[in-house]
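Dear colleague,

I am passing on the structure that you will find just below, together with a written account of what came out of looking through it. Please read the two side by side.

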Amino acid sequence: MPFVKGDIAFLRNTVFQLNEMLRERAAWAGATYVDTYTPAVGHDMCRPPGKRYVELLLPVTAGSAHPNKAGHAALVGIIRSRLG
């Protein structure tokens, strides 16, 4: 899936908006919001294997653009550290 100029900025902005909405809804409901975006910066799909938390888009597989084993483990650690 090719990207055109502006796609990455659009997608990043969409993630920021979604996270802000989730933060607001959690606060409204008295729940704890856990930011998993910020701690994962630097572990995007452009990083080498072993450093990235998200799998590449190509070749297209069931795991493309989704968290890999390291990503899931990191998310669990982030959530546990926040919730105690």
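**Salt bridges**

Arg-23 and Glu-20 stand 3 residues apart in helix α1, so about one helical turn separates them. Helices here are DSSP runs of H or I with at least four residues, numbered from the N terminus. Before going further, please note that this is a predicted model, in which local features need pLDDT of at least 70 and side-chain atom pairs count only at pLDDT 80 or more, whereas totals for chains, interfaces and linings use all residues. Residues are numbered from 1 along each chain as its sequence is written, and side-chain values use heavy atoms, with hydrogens and water left out.

The side chains of Arg-23 and Glu-20 meet in a salt bridge, with 3.2 Å from N to O; the term stands for a side-chain nitrogen of Lys or Arg within 4 Å of a carboxyl oxygen of Asp or Glu. Side chains of opposite charge can pair when their charged atoms come close. Arg-23 is partly exposed at a relative accessible area of 37%, and Glu-20 is partly exposed as well, at 35%. For these classes, buried means under 20% relative accessible area, exposed means over 50%, and partly exposed lies in between, with a 1.4 Å probe and protein chains only.

The structure holds 4 salt bridges, and two others among them can be described here. Glu-24 is bridged to Arg-25, with the closest N and O atoms 3.7 Å apart; Glu-24 has a relative accessible area of 43% and is partly exposed, and Arg-25, at 49%, is partly exposed too. Asp-44 forms a salt bridge with Arg-47, where the closest N and O atoms are 3.5 Å apart. Asp-44 is partly exposed at 31%, as is Arg-47 at 35%.

**Aromatic pair and nonpolar patch**

The count of aromatic pairs comes to 1, where rings of Phe, Tyr and Trp (its six-membered ring) pair if their centres lie within 6.5 Å, and planes under 30 degrees apart count as stacked, over 60 as edge-to-face and the rest as tilted. The ring centres of Phe-16 and Tyr-37 are 5.2 Å apart and their planes stand at 75°, so this pair is edge-to-face. The pair links distant parts of the chain, since Phe-16 is in helix α1 and Tyr-37, 21 residues away, is in the loop between α1 and α2. Phe-16 is partly exposed, with a relative accessible area of 41%, and Tyr-37 is partly exposed at 28%.

Phe-3, Ile-8, Phe-10 and Leu-11 make a nonpolar surface patch of about 400 Å². Such patches consist of residues with over 30% relative accessible area and no salt bridge, nonpolar side chains (Val, Leu, Ile, Met, Phe, Trp, Tyr) being joined within 5 Å. Leu-11 belongs to helix α1, which covers residues 7–29, and Leu-11 is partly exposed at 41%.

**Two buried residues**

Ser-64 lies in the loop between α1 and α2 and is buried, with a relative accessible area of 10%. The side chain of Ser-64 reaches the backbone oxygen of Leu-56 at 3.5 Å. Leaving aside neighbours within four places in sequence, Ser-64 is in contact (heavy atoms within 4.5 Å) with Glu-55, Leu-56, Leu-57 and Pro-59.

Ala-74, in helix α2, is buried at 15%. The C-alpha atoms of Ala-74 and Leu-18, which are 56 residues apart along the chain, are separated by 20 Å.

Methods. Patch = residues over 30% accessible without salt bridge, like charges linked within 9 Å, V, L, I, M, F, W, Y side chains within 5 Å. Areas by Shrake-Rupley, 256 points an atom, 1.4 Å probe, with all protein chains shown as cover. Polar contact = N/O pair within 3.5 Å; in protein donor to acceptor, adjacent residues only side chain to side chain.
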